[in-house]
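The following exercises are to be worked with the sequence and the model at hand. Each task is followed by a solution in steps.

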Amino acid sequence: MKFGLSLPTGGRYASPEAIAQIAEGAERIGLSSLWTFERLLSPTGLVSMGGQEFPMMEPYNTVYSPLEVLGFAAAKTSRIRLGTSIISALLHNPAALGRSFATLDRLSGGRIVAGLGQGWMREEFEAAGVPVSRQGAGFAEFVQAMRAAWGPDPVSFDGRFFKIAESRLNPKPVQDGGPPIVVGAVAPISIRRAARLGLGFNPVLMSWEALEEAVTTFREAESDPGSLPVVVRVNNSLKDRPVDDRPPLGGSADQVAEDLHRLRALEVDEVFWSMDYDPVPPDAQLERMTELLKIV
């Protein structure tokens, strides 16, 4: 199993200095991946998801643009993989986003992972001028169009929502077929769609029961079960000492190491921690990840 860390692109510690410190430090201590996320805006009023209304969390008030951050991180590193978890694909154009990912793949020497999601916030869709109804079939077509943009010239695509006239569209990614794509999804229909499209799965660990159900749904929908990557995102911070009341894969490095067998049982390929939500200074993040790597 591989281990990664989210770059500090949102919240209290977001800064160019912190991003550089985590990028360089993560590669130095032997982590496998670094991750960014996208939040177009943070409404001051309540937002709605799943029938519930709530205020936006403080870390979303400042969020660096993910692809620009990965370009910066690529220049600071030479080996570690660089991914998005996630970009709200439907807020973008597939030809433009495809070229951005291809450019990053070139600049990084083939180290990019394209983490995509449908997006959920009505206010972001409105700001991007995209109908929320584009979710579902529109997301599947977006992925197909972006993959077409990564293919050999001349590129063309003729879909219901997206069209690319026969064109030369460059640069092409270093990785054959383009960067691997992982999908952040929660609803079973979206999880199964990702598997049917031959994409990886990037679930957020909310509870063990929910994760086990989601990964099982994904594996059952694969044409070749176990062939597609599962990368788990953990929005908890590692602590410097054991704690009694802790979330999954939270607590001290020793406690987290004890939890990892549950991920191995699910054949999870990779797990990474985002410590923006229970904020930990960059130097402490690296110290605690170093301790975890020593144990595992």
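**Exercise 1.** Determine which residues of helix H7 are buried and what covers them.

*Solution.* Step 1. The buried residues of H7 are Trp208, Leu211, Ala214, Val215, Thr217, Phe218, Arg219 and Ala221; buried means under 20% relative accessible area, exposed over 50% and partly exposed in between, with a 1.4 Å probe and protein chains only. Helices (H or I, at least four residues) and strands (E, at least two) are DSSP runs, numbered from the N terminus.

Step 1. The cover over these residues includes helix H6 (188-196), strand E11 (200-201), strand E12 (231-234) and helix H8 (253-265).

The model is predicted: local features need pLDDT of at least 70, side-chain atom pairs count only at pLDDT 80 or more, and totals for chains, interfaces and linings use all residues. Residues are numbered from 1 along each chain as its sequence is written, and side-chain values use heavy atoms, with hydrogens and water left out.

**Exercise 2.** Compare the span of H7 with the expected one.

*Solution.* H7 (residues 208-221) has 14 residues and reaches 20 Å from its first C-alpha to its last, close to the 20 Å expected at 1.5 Å a residue. The expected span is 1.5 Å times one less than the number of residues.

**Exercise 3.** Is Trp208 buried or exposed, and which residues does Trp208 contact?

*Solution.* Step 1. Trp208 lies in helix H7 and counts as buried because its relative accessibility is 9%.

Step 1. Leaving aside neighbours within four places in sequence, Trp208 is in contact (heavy atoms within 4.5 Å) with Pro248, Leu249, Asp259, Arg262 and Leu263.

Step 2. Pro247 is 39 residues from Trp208 in sequence, and their C-alpha atoms are 9.4 Å apart.

**Exercise 4.** Describe the side-chain pattern of strand E8 and its pairing with strand E9.

Step 1. Val155 stands opposite Ser167 in E9, and the two strands form a hairpin with 4 residues between them.

Technical notes:
Pairing = 2+ DSSP bridges.
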